[in-house]
Amino acid sequence: MYHKFLDKFPPQFLWGAASAAYQCEGAAAEDGKGPSVWDAFCRIPGKTRNGTTGDTAVDFYHRFEEDIALMKEMGLKAFRFSVSWSRVFPEGEGNINRKGLEFYDHLIDRLLENGIEPMVTLYHWDLPLALQEKYGGWLSRKTADAFVPYAGFLFARWRGKVRWWITFNEQNVFTGLGYRFAAHPPGEKDFRHMMQANHIVNLANARTVRLAHQMDPTFRIGPSFGYGPSYPLNADPGNVLAALNADAFNNDWWLDVYVKGRYPRFVLKHLERLGLAPDIREEDYAILEGARPDFLGMNYYHGGTVQANVFENPQLSKQKTLDTTDPYQMQADMEESPEKVMFETARNPYLESTEWGWEIDPKGFRVALRKMYDRYELPIIVTENGIGTMDVLENGKIHDTQRIEYLRQHLLEMRKAITDGVEVIGYCAWSFTDLLSWLNGYRKRYGFVYVDRDEQDGGTLNRYRKDSFHWYADVIRSNGNSILPERTIDELTEQEWKQVCQK
Ligand code: BG6
């Protein structure tokens, strides 16, 4: 759809940036904080790049006031951060760590004093280690029983101060990488466990959303989902069907549960046939159906391209050394990878990738926003979007032109999606300062603010404004009017630029 004129962003649009406790706080064992699963996992040789840890991270725990001053200077309207569960409840339940709690009290107060809306993520992957050891983590309903009162405690504590709450960050990613691919804690390779843990997180999510609404009807709460839309490789109907399958398997499987309170039919039936469906108790349905988020958080980095599965795709069957006639082998394959009969991934010939192989696809962002809104009709907050690059500090400056161009293109597509009719109410770039990339160490940088540190905890930890810092400040000042389709900001005359800022 071509629009000659783009809609303006709503006046109260939440221009923000995001972070997560483990990736930025540091102070991993300070002031009574209990260990999380990540504090243990990063110490297993070979799990993270060069053994990088979040022990110091970017020292947000001690430097948050300095960072908030930079946020204020930038004009940021919202800051999304996560609470480290084990900083508040060192064992996940029971004793409260006052000092840890007070850290977040101060953080929230400083944000509010500076006119920045706090957006609190309750869970960004750092499960208290005690709950992993005591109950087996998310495989046990007892972990959900510990999560809900933890959330309720924070609701009561920050009622009147915090309005925006995010339950779980990228449930699809942490259950998949943690229980299926062994790349995140608890380091398992078991599809059944992934499904079971995921179901228990779904229950925890629904119970928490319901509790939030009971405790304060002015709260706005929802999950942040790692959303990637699926493209068919081409117009071959088999590939079109594969893209439908991929969307159902990779997206609807989570989002339908959040919003509709039930698993999508095709995937559930497929998993039941294979004996891989989660153990759903009768009473679970009422829990899942009894909660509806107020918004959907979308983390968008890229989507994916697929083609017909290897069994129905003659070209692929020839290439693969797969015995499609042996039913026992097929069952074993399926138990590991049930999507094998649904779709096969493919390379998209139209897209370029970052240094880390992540496709750069701004139009896919508009596609994602359209699809998500179309299916669920809930307001969307973009809770993450950004690019990891190897930025270089030279004479106190960082010329991160690639980031500016990436964000400009994505914001333009978001503005087009808004003009199409999608209700987007906020956008949080990932991230405000540089921070730890879970598996890639510190050289994959995402921030508007450069932090001077290396992989080995060397460096001053001093902060430097990147070029993108000033650019995003202008975006916010003009309420996004500077995101224009016709010309880049650099091409505007001074007079035109002033007009944009006055709008
Ligand atoms: C999202 C996570 O998946 O992607 C963030 O919510 C993460 O925590 C971000 O940092 C970027 O991923 P990576 O692997 O490049 O750090």
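Start inside the protein: the largest cavity has a volume of about 90 Å³. A cavity here is a set of points on a 1 Å grid over the protein atoms alone where a 1.4 Å probe fits but cannot get out, and lining residues have an atom within 4 Å of a point. Volume is the space filled by probe spheres set on the points, which are joined across faces, edges and corners.

A quick note before clicking on: this is a predicted model, with local features needing pLDDT of at least 70 and side-chain atom pairs counting only at pLDDT 80 or more, while totals for chains, interfaces and linings use all residues. Residues are numbered from 1 along each chain as its sequence is written, and side-chain values use heavy atoms, without hydrogens and water.

Now select some of that lining, including Trp38, Trp125, Trp138, Phe174 and His184. By class, you're looking at ten nonpolar, two polar and no charged residues (Ala, Val, Leu, Ile, Met, Phe, Trp, Tyr, Cys and Pro count as nonpolar, Asp, Glu, Lys and Arg as charged, the others, Gly among them, as polar).

Next stop, the second largest cavity, at about 70 Å³. Pick out Glu25, Lys33, Asp39, Arg87 and Asp126, which are among its lining residues. This lining has three nonpolar, four polar and five charged residues.

Finally, select the ligand. Its shell divides into six nonpolar, six polar and three charged residues. Zoom in on Glu170: a polar atom of its side chain is 2.5 Å from a ligand oxygen.

Technical notes. On a 1 Å grid over the protein atoms alone, a cavity is a set of points where a 1.4 Å probe fits but cannot get out, and a pocket is an open set with protein on both sides within 12 Å along at least five of seven lines; lining residues have an atom within 4 Å of a point. A polar contact is a pair of N or O atoms within 3.5 Å; within protein, one must be able to donate a hydrogen and the other to accept it, and residues adjacent in sequence count only if both atoms are side-chain atoms.
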